[in-house]
Amino acid sequence: AIVYEWSGLTQLAKKLEQHFGIERVVVVPGDYNEDDTILTLLGKEAALQFMSSAFDGQVVAVTGGKSVASLAQFLHPGDIQKDITFVAARGGIGHEMQMQANTLVATFAMQMETQYRTLFLPEHLSEQAYQAMLTEPMVTEMMAFYDQADCVIHGIGSAEEMAIRRNSSPEDLRILEEKGAVSEAFGYYFNAEGEIVHRIRTIGIQLEQVQNSQQVIAVAAGKQKVNAMLSYFKVAPKQTIFITDEAAAKAIAANL
Ligand code: F6P
């Protein structure tokens, strides 16, 4: 029965791969919105995907969030890949400490016995502060890493939930709603058509740099994120490997 179940999930994954036009989709059984422990399955698959192609000298940009955090316990030192650098994809400090990109890169590096780079900056910078930051050596160094990113591991959120989590002002919330923001990934907000409608003003990886990286691993699950997924995958780079759960995958497939 288990074999049958997994093969059904493989077919579901193939459907999504074709529809989104991305490299690979992995569907884990269950419904994250009903059962938190699904995160463990998600993290295990994502970690496997990552470690199976990790290489020496690799630069890996990592975003925050629970989904990405789920990889941590499954990462371990590789035989050949000794020299990986995990870089926080954004300088924000808006998340709970455990879920921040800055914390995750440190944990990932500890698990794999490699290096990491952090960037501690306020989540929202004024235009003036942002411009000033751009010439700071610690910032230019991070931006050089973003340019070299070989892999990006990121989460996807619903625009509304992320705006609330980030303590956006009522004014910002109104603007996002007005602009039709549906999804959020690495600080960018996208509408239902996958167009960028807003960006958080902070130092972080640019969409173009994500597109230029060899490998992109997106981790997101739960029916509640289906609209966000449908929006984000309109722009997702072709080289994306997407790890999700059965409930979300089925809901997406039902929409096709
Ligand atoms: O804030 C970092 C981030 O990766 C967002 O870009 C994304 O929308 C969110 O976290 C996903 O978080 P979670 O996996 O906890 O739903």
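Here are some questions and answers about a predicted model.

Residues are numbered from 1 along each chain as its sequence is written. In this predicted model, local features need pLDDT of at least 70 and side-chain atom pairs count only at pLDDT 80 or more, while totals for chains, interfaces and linings use all residues, and side-chain values use heavy atoms, with hydrogens and water left out.

User: Is Lys234 buried or exposed?
Analyst: Lys234 sits in the loop between helix 10 (226-232) and strand 11 (240-245); helices (H or I, at least four residues) and strands (E, at least two) are DSSP runs, numbered from the N terminus. Buried means under 20% relative accessible area, exposed over 50%, and partly exposed in between (1.4 Å probe, protein chains only). Lys234 comes out at 55%, so Lys234 is exposed.

User: Which residues does Lys234 touch, not counting residues up to four places away in sequence?
Analyst: Contact here means heavy atoms within 4.5 Å. The C-alpha atoms of Lys234 and Ala192 are 8.4 Å apart, though 42 residues separate the two along the chain. The residues touched are Ala192, Glu193 and Gly194.

User: In the hairpin of strand 8 and strand 9, which residue takes a positive phi?
Analyst: Strand 8 pairs with strand 9 (residues 196-199) in the antiparallel sense, over three bridges; two strands pair if DSSP finds at least two bridges between them. Their hairpin leaves four residues between the strands, and the one with a positive phi, near 85 degrees, is Gly194.

User: What is the bridge partner of Ser183 in strand 8?
Analyst: Strand 7 and strand 8 run antiparallel, joined by four bridges. Two residues lie between them in the hairpin, where Phe186 has a positive phi of about 35 degrees. Over in strand 8, the partner of Ser183 is Phe190.

User: Which residues of strand 8 are buried on the two sides?
Analyst: In a regular strand the side chains alternate between the two faces of the sheet. Both faces of strand 8 (residues 188-191) are covered. The buried residues are Tyr188 and Phe190 on one side, and on the other Tyr189 and Asn191.

User: Is Gln215 buried or exposed?
Analyst: Gln215 belongs to strand 10 (residues 215-219). Leaving aside neighbours within four places in sequence, Gln215 is in contact with residues including Phe50, Asp150, Cys151 and Ile241. With a relative accessible area of 12%, Gln215 is buried.
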